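Me: I am new to this structure. Please show me how to read it, feature by feature.

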Amino acid sequence: MSRIGNQPINLPEGVSIDVSADNVVTVKGPKGELSREINPEIKITLEEGSLNVARPTEQKRHKALHGLYRSLINNMVIGVNEGYRKELELVGVGYKAAVSNNILELNLGYSHNIYVAVPEEVKTEAKMEKGKPPVVTLQSTDKELIGQVAAKIRSLRKIEPYKGKGIRFVGEQIRRKAGKTAAK
């Protein structure tokens, strides 16, 4: 039994959902508009102030799709109402970040700068304060897209476990290893 799939999605004020005949769900809200195609076997019913997702049978595949599509639609509702935000911290000597025209320029200790083209749907901001590591802030209505962009940026300089240098999320705890001298 899918516990997530059975929960109704409550619609906040200002958010409207439209389900077309070919099972394309469009969610409109104060922050923007998102749409996603849903498997035709999954039924979506819209009631007063809430949306329910139902599956046709108890097959394992239908159970998996039931919870998946309910979560995806819920993420769309939260995105157009509140939006999503991720903050990445660049930890290392001389690491820098700058943004211009949706292109993120990173100096990560390599012999060259790295340029990342960020999609237009993601608002990017780089903040550098003296005495603190640079912070790159990503904001978007699409949770999936912002996660992909953050993962791509993170993969440019993975956190190393000895000194803790690299790109990490703000507040993320890194497991540190002891060096050679501590092993004796």
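Reply: Start with overall size. The radius of gyration is taken over C-alpha atoms, and the globule rule is 2.2 Å times the number of residues to the power 0.38. For 184 residues, a compact globule would come out near 16 Å, but the protein chain has 21 Å. Its C-alpha atoms fill a box of roughly 60 × 45 × 25 Å along the principal axes.

Me: What should I know about the model itself?
Reply: This is a predicted model: local features need pLDDT of at least 70, side-chain atom pairs count only at pLDDT 80 or more, and totals for chains, interfaces and linings use all residues. Residues are numbered from 1 along each chain as its sequence is written, and side-chain values use heavy atoms, with hydrogens and water left out.

Me: How many helices and strands does the protein chain have?
Reply: Both are DSSP runs numbered from the N terminus: helices are H or I with at least four residues, strands are E with at least two. The protein chain has three helices and 13 strands.

Me: How do I read burial?
Reply: Buried means under 20% relative accessible area, exposed over 50%, and partly exposed in between, using a 1.4 Å probe and protein chains only. Of the 184 residues in the protein chain, 35% are buried.

Me: And the surface as a whole?
Reply: Accessible areas come from the Shrake-Rupley method with a 1.4 Å probe; for residues, only the protein chains shown count as cover. The protein chain exposes about 11700 Å², and carbon and sulfur atoms supply 49% of that.

Me: How do I read contacts?
Reply: Contact means heavy atoms within 4.5 Å. Take the contacts in the protein chain with a separation of 6 or more: residues 24 or more positions apart account for 52% of them.

Me: Which residues does Ser-50 touch, beyond those up to four places away in sequence?
Reply: Ser-50 touches Pro-8, Ile-9, Asn-10, Leu-11 and Thr-45. Ser-50 lies in strand β6, residues 50-54. Ser-50 counts as buried because its relative accessibility is 11%. Pro-12 is 38 residues away from Ser-50 in sequence, yet the two C-alpha atoms are 8.9 Å apart.

Me: Where is Ile-159?
Reply: Ile-159 sits in the loop between α3 (143-155) and β13 (166-169). Its contacts, leaving aside neighbours within four places in sequence, include Gly-164, Ile-167 and Ile-174. From Ile-159 to Arg-175 is 16 residues in sequence and 9.8 Å between C-alpha atoms.

Me: Is Asn-23 buried or exposed?
Reply: Asn-23 is at 12% relative accessibility, so it counts as buried. Asn-23 lies in the loop between β2 (16-19) and β3 (24-29). Asn-101 is in the loop between β8 (96-100) and β9 (103-107). Asn-101 is exposed because its relative accessible area is 76%.

Me: How do I read a polar contact?
Reply: A polar contact is a pair of N or O atoms within 3.5 Å; within protein, one must be able to donate a hydrogen and the other to accept it, and residues adjacent in sequence count only if both atoms are side-chain atoms. A polar side-chain atom of His-66 lies 2.7 Å from the backbone oxygen of Val-53. His-66 belongs to helix α2, residues 60-81. With a relative accessible area of 2%, His-66 is buried.
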